Amino acid sequence: MMLAPKVPTRGRGLRRGALCVVAGAALAITPLALPSYASNGAGSGGGGRFVDAGDQAAELMDSQAEFAQARSAPTGLVAPGAYAAAYSQLSSLPAAPSSWSSITNVPYNSDDPRYRDPSASNSSGGAGYVSGRVQALAVDGHCVFAGGAAGGIERSCDNGTTWTPIADALPTQSIGSMSIAPDGALWVATGDGTTGSATYVGAGVFRLGSPDTSTFTAASKVGGTELDSQVIRRILIDADNGRVFVAASRGLYVHSLAGATTTAWSRSLAPCAQGMLSCTDVNANYRDIANDVAVQPGTRGQVVLANVAWRSGAAYNGFYLSRDGGATWAKVNPLGAINPKDVGNATIQYSADGSRLYVVLESPSALIAGAASALAGVYVSDTGAAAGPYNQIANPSTLAQSGSAERKQRIGKGYAPGVQSWYNQFIGVDPANAKHVYVGLEEVYESWDGGASWKTIGRYWDFGFSCWSNVDANNTCDGNVLHSDQHTIAFGSGTSAGQVYVGNDGGLYQRAVSPTASSWRSLSRSGQLNLLQYYSVGVGKDVAHPGQVQVWGGLQDNGVSLLDPANNGTMVSPYGGDGGQQLVDPDNGCRTVGEYVDLTLQMTTNCGVADGSPASDSSIVTIAPADPLPRFIAPFSADQTDPGTWVAGGEYVWTNTKTWASTSGADWTKAADTGAGHSITALASRNHVVWAGWCGSCNPGSSFARGLMTNANGSYQQVATTAGVPRRMVTGVTPDPADPRSSYVVFGGYSRNWVDGPGSDLAGSGHLWKVTLTGGTDSATGQALATWTDVSGNLPDVPGDNLLITSRGRVVLATDLGVVETTLASLRTGAPQWSRDAIPVTIATQALEGPDGKLYVATYGRGIYRTAS
């Protein structure tokens with residue numbers, strides 16, 4: 001996650017402000033119990049900024065947990081196959097006639113000097129041109145392949161000048177790992193390995209024989225359904241034995257390189273499932289998680305080492321060794337500096353000659369304790385032996401002293417190197433030099449002497465250094481800076497020999513493999529590496545250019561983007577950190593309210609233009625209501641018929657009638673309380689009739705609850721539900737434009753057909769329901785009486801996110817598998833017939849009708865799309 005500026009919001013993960021830290025990230029496996037620091041406890045809500053940088057790592061975990069909650073409630077257990085079944089149903093729908101085009105496949109300059117509000121922007125921090133999270137990399141002798149966390153695969157054969165998507169035909173755009181086989185084929189493992197909710201699961205492994213010139217199809221799949229609905233952190237080619245290993249969320253699997261592609265994958269290692277030891281200490285969702293695998297060079301594929309561990313600790317956690325090519329396994333008791341009782345998520349790599357074994361290791365105990373870093377350390381076995389002995393060659397303190405921006409004196413307390421090692425880490429050993437090592441955490445570190453000394457070569461940002469200045473002409477910092485949160489590394493070959501590539505939350509960067517290298521080159525500069533992860537989209541008329549519009553969007557770890565005709569096809573970032581929901585004046589696109597996170601609302605009326613001087617600090621002002629329990633991405637919007645009224649939701653429903661004249665959070669009025677411990681998950685107002693969906697407890701399990709509140713009867717009441725209404729997260733509410741007592745309610749997650757565990761029958765069925773108040777009140781509960789009707793029609797069993805009813809009667813539903821649509825007339829029949837839109841199968845977070853009459857869809861992985869209405 002990246003931090004944000006002055007009033008600590010989250011900028012590249014953080015905003016720079018008082019030098020508070022970090023931005024959003026990936027999801028974790030269906031939430032169980034989170035560490036104590038990961039709670040957004042009462043009083044910590046949107047009204048203020050964080051004092052300590054360490055709060056940002058907690059925010060990251062919050063974001064992951066909440067995203068997973070929406071997709072795994074009510075029990076937290078979704079059976080394998082749910083995603084594949086949803087995709088099959090989606091594929092059977094007729095194609096909609098709409099033609100969509102991406103509008104964010106343009107350069108995105110996060111350092112534009114015209115947008116440097118001291119409190120809200122990360123501009124001048126050094127990230128440069130950015131894109132979304134690159135989770136996987138592969139390089140052959142001619143081309144570079146970048147795998148997006150939720151954006152598919154992009155190919156460049158001209159060193160990043162142009163990019164081409166090559167995996168749009170796959171059933172998922174969530175990429176975990178990639179590798180080039182000896183025959184030149186590209187092997188791709190799907191399922192983003194930093195996550196584990198249903199949003200990011202994959203559809204198995206795919207192989208492309210001629211990746212430089214061809215594209216994937218569904219027929220490229222290798223194996224059966226055994227890897228469906230899993231996440232994969234590593235795919236490893238064992239050329240000596242003609243095999244492929246994958247480290248997946250239910251164990252370590254193996255397949256022949258040359259065998260029939262329909263042959264099933266074999267599970268080689270799963271300590272819990274194979275009865276190697278008792279695993280009753282941990283929920284079934286967290287068992288047998290394989291994080292990495294490595295084959296020791298020089299052993300003809302016989303020595304295989306794997307890390308199998310749950311980040312928060314479990315009895316099975318550890319390193320497992322096979323000396324017979326994976327036929328049998330034994331848990332290793334590492335000697336030396338590694339504590340065998342505190343083994344968590346790890347990345348392992350041998351030097352090319354097999355003489356040295358390097359390990360980056362997360363500490364579950366540090367994570368649970370909420371320490372300033374979750375990193376146990378970086379270790380080396382000087383003999384290459386899996387059992388060691390290991391020497392610790394780096395820890396948070398040594399890395400902080402290596403020129404790091406995460407030094408306490410620069411970034412603040414609570415955010416030391418490795419604080420997010422449970423989420424992002426890599427290690428890369430130079431194929432030509434066993435002692436030349438790269439380590440990726442929030443930053444990138446390099447050692448040329450096997451870890452005896454380290455240098456930060458990829459700083460988190462330049463803020464806090466004496467070389468930094470808001471004025472570019474006075475900024476003397478070198479180019480050893482890039483976007484935060486490192487995920488993957490690859491070394492060049494052929495035409496890219498002598499280069500190293502790094503993928504992170506801001507895209508893809510490249511530099512020379514040389515001790516004199518002092519800068520990185522962003523391969524996202526062209527904008528064609530379009531992997532941006534949007535939570536929202538907002539559109540307003542461009543007053544300065546009649547007939548045109550300005551488009552805003554809130555992003556995971558890349559702030560708030562602005563596409564303004566005045567900037568000649570380049571997007572800029574007036575707000576840093578994570579960007580949440582976005583409210584834009586439809587008549588003036590320079591007036592917008594953006595959300596940092598947790599209902600931290602910030603308003604600009606001049607497009608956020610600021611030169612970084614103290615005088616320009618007022619270009620973006622904070623107007624956040626002091627809510628005790630907002631969601632990470634909390635809902636707020638203007639009333640659909642009265643733009644002079646805004647509504648926002650945390651625990652409370654808030655209203656604001658000062659709107660663009662607002663000066664602080666005091667301009668919000670508390671209108672209703674959904675209840676202690678509740679958080680609003682979806683919110684809409686039409687003709688001042690408000691509908692608010694909420695959860696509380698929001699964590700799946702026996703305590704999970706959801707509900708709906710409205711003032712449609714004149715005063716705020718909870719709405720009574722009837723038998724069969726899904727007990728899943730309410731992810732969207734859309735008032736019926738023809739009936740003020742009716743609303744359409746969108747439910748996340750999957751139906752009871754795919755939900756396991758106690759209470760699974762309460763998951764119900766259907767993803768779109770209509771609720772209509774009857775006018776009565778239950779005398780015992782005070783709840784508004786209502787009828788509920790399932791109006792899903794032929795909608796696939798896929799998590800829904802947002803429903804739009806346009807002014808022309810078009811109905812668009814954003815889902816976790818893209819976009820489907822119907823008509824209002826069809827919806828009113830109670831059994832609508834849906835068609836699928838031609839947008840890549842990635843998460844669609846919001847659909848919006850712009851003031852230009854066009855439709856916009858924000859996707860979490862492929863940017864923003866537009867079509868005529």
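**Strands and disulfides in a predicted model**

Strand β40 pairs with strand β41 (residues 652-656) in the antiparallel sense, over 4 bridges. Strands here are DSSP runs of E of at least two residues, numbered from the N terminus. Two strands pair if DSSP finds at least two bridges between them. This is a predicted model: local features need pLDDT of at least 70, side-chain atom pairs count only at pLDDT 80 or more, and totals for chains, interfaces and linings use all residues. Residues are numbered from 1 along each chain as its sequence is written, and side-chain values use heavy atoms, with hydrogens and water left out.

Stay with β40. A hairpin of 2 residues joins β40 to β41. V647 stands opposite T655 in β41. Strand β39 (residues 636-638) also pairs with β40, antiparallel, over 3 bridges. There, A638 has W646 of β40 as its bridge partner. Both faces of β40 (residues 646-649) are covered. W646 and A648 on one side are buried, and so are V647 and G649 on the other. Buried means under 20% relative accessible area, exposed over 50%, and partly exposed in between (1.4 Å probe, protein chains only).

Now turn to an open sheet. Its 4 strands run in the order β15-β16-β17-β18, with antiparallel pairing. β15 (290-295) and β18 (330-332) stand at the edges with a single partner strand each, so one side of each is left without a neighbour in the sheet. Neighbouring strands of this sheet are turned by 30° against each other on average, direction ignored. β15 pairs with β16 (residues 304-308) over 5 bridges. In β16, A306 is the bridge partner of V293.

Next come the disulfides. The structure holds 5 of them, each a pair of cysteine sulfur atoms within 2.5 Å. Counting bonded cysteines along the chain, the pattern is 1-2, 3-4, 5-6, 7-8, 9-10.

C143 is buried at 2% relative accessible area, whereas C157 is partly exposed at 42%.

Another disulfide joins C467 to C477. Both cysteines lie in the loop between β26 (455-458) and β27 (486-491), so the pair ties together parts that are 10 residues apart in sequence.

A disulfide also joins C590 to C607 (S to S 2.0 Å). Its torsion is about -95°, so this disulfide is left-handed. C590 counts as buried at 18% relative accessibility, and C607 is buried at 1%.

Methods: Axes fitted to C-alpha atoms, helices over the stretch in contact; angles between N-to-C directions.
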